[in-house]
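I opened this structure to look up its ring pairs, its charged contacts and one of its helices. My entries follow in the order I made them.

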Amino acid sequence: RRPLSLSLSAPQLFIMALAFAYFSKALAGSYMKSAITQIERRFELSTTHVGMVDGSFEMGNLLFLVLVSHFGARLHRPRLIGVGCLLMAAGSFLTGLPHFFMGRSADHSLEGKGRSSLCPQHPCLSLRGHSPNLDLSCVKDPSSHMWIYVLLGNALRGLGETPVTPLGISYIDDYARAENSPFYIACVHTISLLGPVFGFLLGSACVRLYVDIGYVDLDSVTISPKDARWVGAWWLGFFISTALLLISAIPFWFLPRTLPKQGPPEGEGPPTHPHAIQEGLLELDGDVPPSPEDRPAPIHKGLLQSLKQLFGTPAYLLLLCSGVLRFNAVIGLFTFKAKYIEQQFGQSASRANFVIGALTLPVLAVGIFLGGLLMKRYRLSVFSGALLSFVTSVVAFFLFLLLHLGTKCEHVAVAGLTVSYNGTAGVWGGDEAVVAPCNQACSCPLEAWDPVCSQSGITYTSPCTAGCLGSSGSGKATVFHNCSCLSHFYPEGGSTSVSLGQCPRGNDCVRSFTSYMAISVLSSFINALGGMPGYMVIIRCIAPELKSLALGIQAMVYRALGGLPAPVYFGALIDTTCLKWASTRCGDRGTCRMYDSNMYR
């Protein structure tokens, strides 16, 4: 007998290579999501602008998606996927590169400079007249526009991902039996979901490291990872994902252009043609259409005619519309979920990324795998698959609704923002709200955000707005004394000192966070269970020769109407809930330091 040839092992090799490519691209994409808050703070962007940076991935993807999906099936699909992996690696590298061309982060020395200049006799007066508007050097600072390179790198990564999904999935479906195809694709998607798991865990690890690690003395950094000004080593993960994407590109250069078609299961009889397996003439449901390279009609059919036939399929069109709505919700939630956990429940960025990567995403992987297993085990029809997808979506939707409306934390008590200086609860906006009779003589810089915590549990935006007249200690152990704005809460002779940092949240908030994560895990599993049946319905409801184009159009529409606008308008809505804006060195509005919890929720 002839030795085992490459063509017999190529299907397994292709599935393994595609799974690793899916893993790598998913890790890079999810790491971008995990680092979005750090990028927002490092480049002093609003949530709207950072949503545009995140959405640039879709811009790059949309440029050539339809063309690659339509014409890619006629070319060497594995090598096109390899080229895509190389482009993604280049984009990820470009995204992290600006770190090495920027100066040091402002916040690591801002604290030390601000406190070292405090006058021991009257520290609240020492900052009088200080305004970032007086620093004109930022006009010549090129780093203020470095975020554009992050946007371009993310767009290049999106361009590189263009051929991976439509060509990879159609390549598997062209050469697999009907009952095996859902299982193979589910395996690829399941392995790919490990990418976001490791992506968020990588983000959790990197955000614990200070952005300028290796360049500054960490003992001089007086802010903690829970501080709204903390910027982690956001750049580090992009170089790690670059290495993985380069490795994932290698196998596709050694895979064949076509594969032999899988024969029928044992006991179901031979194929209708003696060379059907070698020539790839068997299709998914037992018919004998020509193989991809021998389909003269589809090959010469114009793109417009193919699109007309595709959109003339009612089931495909309806599934496309419903998918757009779901994709908007998923992208909006996924992009800002870590930020939501930080702001709503007072968790650090590292912990927020960790719980998403360690709890939510593995459950999604299990749900998708079980969905594909159900399709294979019970050989679900198109109608049964659609019904399962619909039911799980509706149940998950109501659970998500309960999740975000029913679990909450009370506002952080910040004097002048969510509570008055005499302790009355409320919500005020604008920097002027932090001015009170107790600190009016200090002429505090209104844009400052240098929070300190009193024993009463009320946070002040700075030692100056607390009216503090003295300080002791250094670094993170700094304590400010004789704070005139605290006299309302303490009798004469009592403690009027504040410590560095924002006041922690109460135990009720910890319990709310536990409930939030429990319901989030359950709803994510239910939603994922119907994901693969719904995906296979799209493949089964269209003509076989239009599979690549259909998947490409689906990805294009999802990205154009969901992936691209969702981060922007979700970010714009989040910005409307901001209570305290930071100010850049030039006096422009920077990133948000604190949000109205109820409005945000």
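**Aromatic rings**

I began with a cluster: ring pairs link Y340, F345, F513, Y516, Y595 and Y600. I counted rings of Phe, Tyr and Trp (its six-membered ring) as paired if their centres lie within 6.5 Å; planes under 30 degrees apart are stacked, over 60 edge-to-face, and the rest tilted.

I note that this is a predicted model, where local features need pLDDT of at least 70, side-chain atom pairs count only at pLDDT 80 or more, and totals for chains, interfaces and linings use all residues. Residues are numbered from 1 along each chain as its sequence is written, and side-chain values use heavy atoms, with hydrogens and water left out.

I searched the whole structure and got 23 aromatic pairs. One of them is F100 with W235, edge-to-face, at 5.5 Å centre to centre and 65 degrees between the planes. This pair links distant parts of the chain, 135 residues apart. F100 is in the loop between α4 and α5 (107–116), and W235 is in the loop between α10 (194–208) and α11 (236–249). Helices here are DSSP runs (H or I, at least four residues), numbered from the N terminus.

I then checked exposure. Buried means under 20% relative accessible area, exposed over 50%, and partly exposed in between (1.4 Å probe, protein chains only). F100 is partly exposed at 40%. W235 counts as buried at 10%.

F100 also pairs with F239: the centres are 5.7 Å apart and the planes at 55 degrees, so I logged this pair as tilted. F239 is in helix α11, 139 residues from F100. F239 is partly exposed, at 22%.

**Charge over ring**

I looked for NZ of Lys or CZ of Arg within 6 Å of a ring centre and within 35 degrees of the ring normal. The charged end of K25 sits over the ring of Y22, 4.5 Å from its centre. The charged end of R589 sits over the ring of W581, at 3.7 Å.

**Salt bridges**

How many salt bridges does a search of the whole structure find? I got nine. The test was a side-chain nitrogen of Lys or Arg within 4 Å of a carboxyl oxygen of Asp or Glu.

D54 bridges to K33, with the closest N and O atoms 2.7 Å apart. D54 is in helix α3 (residues 47–71) and K33 in helix α1 (residues 6–34), 21 residues apart. Both D54 and K33 are buried.

E342 bridges to R41 at 3.2 Å. E342 lies in helix α15 (residues 314–345) and R41 in helix α2 (residues 36–42), so this pair ties together parts 301 residues apart in sequence. Both E342 and R41 are buried.

R229 and D227 meet at 2.5 Å, N to O. R229 is buried at 3% relative accessible area, and D227 is buried at 10%. I also logged one network, in which salt bridges that share partners join K25, E58, E161 and R559.

Helix α4 (residues 77–96) has 20 residues. I got 29 Å from its first C-alpha to its last, close to the 28 Å expected. The expected span is 1.5 Å times one less than the number of residues. Its buried residues include R77, P78, C85 and M88.

H189 is in helix α9 (residues 181–192). Is H189 buried or exposed? H189 counts as buried, at 17% relative accessibility.

Key. Helix = DSSP H or I, 4+ residues; strand = E, 2+ residues; numbered from the N terminus.
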